[in-house]
Amino acid sequence: MSNHNGKPDIQAALTALKDGFAQKVPAKIEEIRQSWNLLKSVPEDIDMFHLLHRQTHTLAGTAGTYGFHTVGQLAKAVEIALQADLTESHESWTPQIVSDVELLVQQLENFNQAGFEQEGEDNATFQPYLDNAEENSAKTDALNRLLYLVDDDADFLNTMAMQIRTFGYKVVTFTDLDRFEKAVALQEPALVIMDVEFEQGKKAGIEHIHRMNEERENVLQTIFITGSNDVLTRLDAVRAGGLGYFAKPLLVEKLVDSINDLTHQHAEEPYKVVIVDDSPEQSSFAALTLQQAGMETREVNEPLELLNVLNDFPPDIILTDIYMPGCSGLELSKMIRQMDTFVSIPIVFLSSENDQKKQMNAMSLGGDDFLSKPIQPWYLVSAVTSRIKRGRKVRELAETDGLTGLLNHTKIKERLEEELSRAKREKTPLAFAMLDIDFFKHVNDSYGHPAGDRVLKSLANLFKQRLRKYDIVGRYGGEEFVVIFPNTDAIAAKTIMDKLRVSFSEISHFSSENPFYCRFSCGISAFPGYENGTEMSNEADKVLYEAKEGGRNKVVVAVNSLGGFSKAKAR
Amino acid sequence: MQELERILYAEDETDIQQIALIALEMVGGYTLKTCNTGLEAVAEIENFKPQLLLFDVMMPDMDGPTALAKIREIDAYKDTPAIFMTAKVQPNEVKGYLDMGAVDVIAKPFEPMTLAAQVQEIWAKVQT
């Protein structure tokens, strides 16, 4: 078998590559559009035909490999549609081919605008390993948040830097390219945001990065910003290794979205697999294979031990042998399915059983699928991966809010109850904040719903960036959000929420005309003092109302939440 | 069984090259020599002395099948296992590649995390 050292490096390398590729996709689609337009007007241009064929063929192969399956399939479809004509003379296109290709190219473009980011996130094979070591995270976090912003317009620099800082980034500004280069030599930033135009030339920013990258071992992660939006400059930016390209006036929320994506490696948890097999040789073979693909595994060689393991190590999937002494895989799956907590975990039987009737029987007992032994390692990995991906996607859809990606109402209530019982058990404080954007209806009415949505997203981004990993954020509905602060008392939570309130009020949001600003009001309740989550959230809601009545843009703590434990840990 | 270490890899598309390098060098632990065209692969072979050839089919200058035919003319490499990587994996197309002297075909797009395992398997199959 292949060896497999340095997992985090592979992950980092793949993520960086994937991010880089994602940024190149729009330019690739644009190239396809341009070739197609030219070919439509001059059908006999055989060179253009070959160019377009190569462009689509290449994108079909690369996009899929990078996990952008829809883009890959659309590109493939264009390639095939074009080939329909290969055998005929090239003097003219049949109307059918023209309309087929046109439609596909349009779909590619639409996808480009709307969908491919989401698809990228879906690509979980890149995510399975993550260096979760807590001790490293603080330092890494700080470096991950260091941005260099380079622009010769000092006013613009200051406004921009201030706004990006509100999202928790450390921004260092430069008006001069040489000073910027010296700074990079001293301390590399996580990301460079570079203006395109300087007095040295109309594309001096791009050229400078290009030259620096040629002399460097690794490419500087760069987002370009520009006053012009023409395709050729865009192309130059892509060629210089630019990962993003934004035209002024800048939409700060979008820029920050992109910064988040590029600097913040989404901390998807490693896939967790439990393998049940009475033969340790068999289970360790499967375990090793899956570990090599970055998954976490637990082997169970005593079938009846499974239930204990599930409590400690709730997996994404259970792989089980069928014939085992003591308790068969079928009985095991029946038992698991009778337990509410585990009812949705996929169960896959791994067995040399080839009899279809017996396989069917296994499924009817609550198994989800059947894999026949001997199984090829790569097939095992891909079969497990695809089931987990789907399972997680379904869970995510069910538990999160589509616009902001935060937990939804149902899930956040569930989490509140969980955290509350933990707080009771461990005798630790727990704070609950409920907040509501002030005059949000006015935002929607005056600037339109898209602008309103951007405000909601920017609040979600701000919270994701600034809160600790274990704080839990949710969108309660409309413009109402909640945060659960484990092991935190009311006063500490108020301090945090006040900082966030100020930061949020400094973010300028853009409408079609002028920038505008939003604020929020917040109510906080904290355990001890409440028996259940409903009491806690009712109380937070009540003081949120007081905050609104008291003039808005403030954080109010419920009076009987101020007691706390005598030894309560403030942060 | 002989350990697979050295793979001569020809692919013109940088995006694919990069990800395949990670998949085969970092995940698989192999040593790769990457070429951008079939012509380069032919030029590199004596120098690099690969145990396995992994070729894209469509490449400028010289495509994968032509490069393989050229390499087969060299005595020392007339039996070196070759794998084509291609998006064209219809049964008749695969048969065509096998007839050209490839031992197997890997479909594009491929799964980066399992590419090494796929190659290893083909290698093991050829060794027995």
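## Ground rules

This is a predicted model, in which local features need pLDDT of at least 70, side-chain atom pairs count only at pLDDT 80 or more, and totals for chains, interfaces and linings use all residues. Residues are numbered from 1 along each chain as its sequence is written, while chains are lettered from A and ligands numbered from 1 in the order in which they are written.

Helices (H or I, at least four residues) and strands (E, at least two) are DSSP runs, numbered from the N terminus. Strands are said to pair if DSSP finds at least two bridges between them.

## The sheet of chain B

Let us start with chain B, where five strands make an open sheet with parallel pairing, in the order E2-E1-E3-E4-E5. Its edges are strand E2 (31-35) and strand E5 (104-107) of chain B, each of which pairs on one side only. From one strand to the next, the twist averages 20°; angles here run from 0 to 180 degrees between N-to-C directions, and axes are lines fitted to C-alpha atoms, for helices over the stretch in contact.

Inside this sheet, strand E1 (residues 6-10) of chain B runs parallel to strand E3 (residues 52-56) of chain B, and four bridges join them. If you want a spot to look at, Tyr9(B) has Leu54(B) as its bridge partner in E3(B). Helix H1 (residues 14-27) of chain B lies across E1 and E2 of chain B and runs at about 165° to E2(B). Contact, here and below, means that the C-beta atoms of two residues, placed from the backbone, lie within 7 Å.

## A helix pair in chain B

Helix H2 (residues 38-48) of chain B and helix H3 (residues 64-72) of chain B have axes that come within 8 Å and cross at roughly 20°. That angle makes H2(B) roughly parallel to H3(B) (under 35 degrees counts as roughly parallel, over 145 as roughly antiparallel, 65 to 115 as roughly perpendicular and the rest as oblique). The crossing of the two, H2(B) and H3(B), is right-handed; a crossing is left-handed if the near helix is turned anticlockwise from the far one by less than a right angle, and right-handed if clockwise.

H2(B) brings Gly38(B), Ala41(B), Val42(B) and Ile45(B) to the contact, and H3(B) brings Gly64(B), Thr66(B), Ala67(B), Lys70(B) and Ile71(B). These residues of H2(B) and H3(B) divide into five nonpolar, three polar and one charged. For the classes, Ala, Val, Leu, Ile, Met, Phe, Trp, Tyr, Cys and Pro count as nonpolar, Asp, Glu, Lys and Arg as charged, and the others, Gly among them, as polar.

## Parallel strands in chain A

Chain A also has an open sheet of five strands, with the order E7-E6-E8-E9-E10 and parallel pairing. Strand E7 (296-300) and strand E10 (369-372) of chain A are the edge strands, each pairing on one side only. Strand E6 (residues 272-276) and strand E8 (residues 317-320) of chain A pair in the parallel sense over four bridges, and Ile318(A) in E8(A) is the bridge partner of Val274(A). Helix H12 (residues 280-292) of chain A lies across E6, E7, E8 and strand E9 (347-351) of chain A, at about 175° to E7(A).

Another parallel pair is strand E4 (residues 222-226) with strand E5 (residues 242-247) of chain A, joined over five bridges. There, Thr226(A) stands opposite Ala247(A) in E5(A).

## Helix pairs in chain A

The axes of H2(A) and helix H3 (residues 69-83) of chain A come within 7 Å and cross at roughly 150°. That makes H2(A) roughly antiparallel to H3(A), and H2(A) passes H3(A) in a left-handed crossing.

Helix H18 (residues 440-447) and helix H19 (residues 449-466) of chain A come within 6 Å at their axes and cross at roughly 140°. H18(A) and H19(A) are therefore oblique to each other.

## Where the chains meet

The contact takes 26 residues from chain A and 24 residues from chain B. On the side of chain A that touches chain B, helix H1 (7-41), helix H2 (46-65) and helix H16 (377-399) of chain A are the elements giving two or more residues. H2(A) gives the largest share of that side, seven residues. By class, the side of chain A that touches chain B has twelve nonpolar, 13 polar and one charged residues.
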